[in-house]
Structure formats: structure tokens, C-alpha cells
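Dear colleague,

Please find below the structure I am handing over to you.

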Amino acid sequence: MAPYSILLLSLLFLSLSPTLLIADSAYSGDEETVHLHFYIHFIENQTEVVVAKSDIRVPGSFYNFGSIVVVDNPLTEGINITSKPVGKVQGLFSVMDSLTVVWSANIVFTTGQYNGSSLAILGPDDITKAVREVSIVGGSGYFRRAQGHILLKTVSVDFDTGDAEAEVDVYVDTWRSK
């Protein structure tokens with residue numbers, strides 16, 4: 001019985017191999033690293049809303065441990081909220097300890113060369129650090145099959161309102177199809 005199982009598995013693998021090679025060869029074109037620079041604006045109770053929270057307070061934070069915050073934060077070319085729009089960060093983050101949040105969101109481009117494209121970001125963001133790194137785990141449109149990282153630097157925080165701005169540097173590898 002075992003030789004038949006090996007034979008069947010071998011035939012299955014061989015039947016799938018050409019499909020896998022064809023699918024992969026469609027994206028074996030040029031790799032390109034794209035660097036983007038913009039600012040994200042966090043506006044409490046306007047572009048981010050707490051949708052779930054616990055009673056466990058995180059010292060020095062606007063949020064409780066386990067809070068889930070839905071965001072629709074604007075991205076602009078300059079530090080001023082009135083500067084030229086680039087897109088939005090849409091998704092959510094959850095609050096951990098020591099002012100660490102975990103992102104699960106998309107950077108959605110609404111203007112310019114990448115209009116209609118997006119980057120998927122996922123991972124921890126320890127906001128106590130001067131420079132933080134969050135992974136890019138995918139994308140759409142121009143950024144299909146993307147991978148890379150973003151670097152975040154807090155520029156300003158208003159501790160009375162919870163509003164903040166951060167500088168964002170995106171380093172993303174893309175593959176252009178043939």
C-alpha cells in the first residue's frame with residue numbers, strides 16, 4: 001500500500017509543478033525598492049475610535065490594555081494636516097503594555113502615482129522608542145506581492161487631546177510582472 005501512496009503523491013506533485021512554475025514566472029520580472037516619505041495624523045475621536053476596551057489601565061497611556069482602536073488616519077506630504085493628501089491608514093491597532101500597539105492596517109493611497117494601491121502593515125509599534133519599525137506584509141495594485149517595512153518617528157503629541165503626528169518612511173520591495 002505504501003508504494004502506491006508514494007506514487008500518487010509523486011504524480012500529484014508533478015501535475016502541480018508546471019502550474020507553480022508558470023504562476024511564479026509571471027512575477028520574475030524586475031524587483032524594485034520604493035522609498036516613500038509622508039506624515040500620519042492621529043486625531044482622537046475623529047480619525048480613530050476605541051471599539052473595545054478593558055478595565056486594565058496602562059500607565060501613561062490614553063488607552064487601556066487590550067483596547068482595540070479603529071483608525072482612518074490621514075496621510076499628508078508635509079507635517080501640517082492641511083498639506084497635500086497622500087492617502088489614509090485604515091484598519092486597527094490593539095493596545096498592549098508599555099505603550100506598545102499592534103497594527104493590522106492598510107496604507108491606502110488616494111492620489112498620485114500610487115492612487116488606488118495599498119500596503120498591508122502588521123506588527124508591534126513600541127511608541128516609547130524614537131524610531132519604530134512595522135512590517136509590510138503585502139499590498140495591492142502597484143504594490144502587489146510587496147514586502148518591506150515602515151519606520152515611524154513621533155513628531156508631536158498633544159497630551160491633552162491625544163492628537164499626534166508621526167513621520168513615516170516606507171521601504172517596500174515590489175516585483176513588476178512581465
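Predicted model: local features only at pLDDT ≥ 70, side-chain atom pairs only at ≥ 80, totals over all residues.

How do the residues of the lining of the largest pocket divide into nonpolar, polar and charged? They comprise 14 nonpolar, five polar and four charged residues. In this scheme, Ala, Val, Leu, Ile, Met, Phe, Trp, Tyr, Cys and Pro count as nonpolar, Asp, Glu, Lys and Arg as charged, and the others, Gly among them, as polar.

Residues are numbered from 1 along each chain as its sequence is written, and side-chain values use heavy atoms, with hydrogens and water left out.

Overall architecture

The chain contains one helix and nine strands, and from the N terminus on, its elements run α-β-β-β-β-β-β-β-β-β. Helices (H or I, at least four residues) and strands (E, at least two) are DSSP runs, numbered from the N terminus. Of the 178 residues, 35% count as buried; buried means under 20% relative accessible area, exposed over 50%, and partly exposed in between, with a 1.4 Å probe and protein chains only. The chain exposes about 10300 Å², of which carbon and sulfur atoms supply 60%. Accessible areas come from the Shrake-Rupley method with a 1.4 Å probe, and for residues only the protein chains shown count as cover. Among contacts (heavy atoms within 4.5 Å) between residues at least 6 apart in sequence, 47% join residues at least 24 apart.

Pockets and cavity

Both terms refer to a 1 Å grid over the protein atoms alone: a cavity is a set of points where a 1.4 Å probe fits but cannot get out, and a pocket is an open set with protein on both sides within 12 Å along at least five of seven lines. Lining residues have an atom within 4 Å of a point. Grid points are joined across faces, edges and corners, and a volume is the space filled by probe spheres set on the points.

The largest pocket has a volume of about 510 Å³. Of the 23 residues that line this pocket, Phe62, Tyr63, Ile127, Val157 and Ala164 are the closest to its centre. Strand 4 (85–95), strand 5, strand 8 and strand 9 (164–175) are the elements that give two or more residues to its lining.

The second largest pocket holds about 160 Å³ of space. Its lining consists of Leu36, His37, Phe38, Glu77, Lys84, Pro85, Val86, Phe109, Thr111, Gly112 and Tyr114, which divide into six nonpolar, three polar and two charged residues.

The structure holds one cavity of 30 Å³ or more. The largest cavity has a volume of about 50 Å³ and is lined by Phe38, Ile40, Leu75, Val89, Trp103, Ile107, Ile121, Ile150, Leu152 and Val168. Two or more of the lining residues come from each of strand 1 (31–42), strand 5 (100–109) and strand 8 (147–157). The lining has ten nonpolar residues, no polar and no charged ones.

Aromatic pairs

A search of the whole structure finds nine aromatic pairs. Rings of Phe, Tyr and Trp (its six-membered ring) pair if their centres lie within 6.5 Å; planes under 30 degrees apart count as stacked, over 60 as edge-to-face and the rest as tilted. The ring centres of Phe38 and Phe109 are 6.2 Å apart and the planes stand at 80°, so this pair is edge-to-face. Because Phe38 lies in strand 1 and Phe109 in strand 5, the pair ties together parts that are 71 residues apart in sequence. Phe38 and Phe109 are both buried.

Two individual residues

Asn64 is placed in the loop between strand 2 (48–52) and strand 3 (68–76). Asn64 counts as buried because its relative accessibility is 11%. Not counting residues up to four places away in sequence, Asn64 touches Lys53, Ser54, Asp55, Ile56, Arg57, Val58 and Val95.

Ser140 is found in strand 7 (residues 132–140) and, at 29% relative accessibility, counts as partly exposed. The C-alpha atoms of Ser140 and Ser117 are separated by 5.3 Å, although the residues are 23 apart along the chain. With residues up to four places away in sequence left out, Ser140 touches Gly116, Ser117 and Ser118.

Yours sincerely
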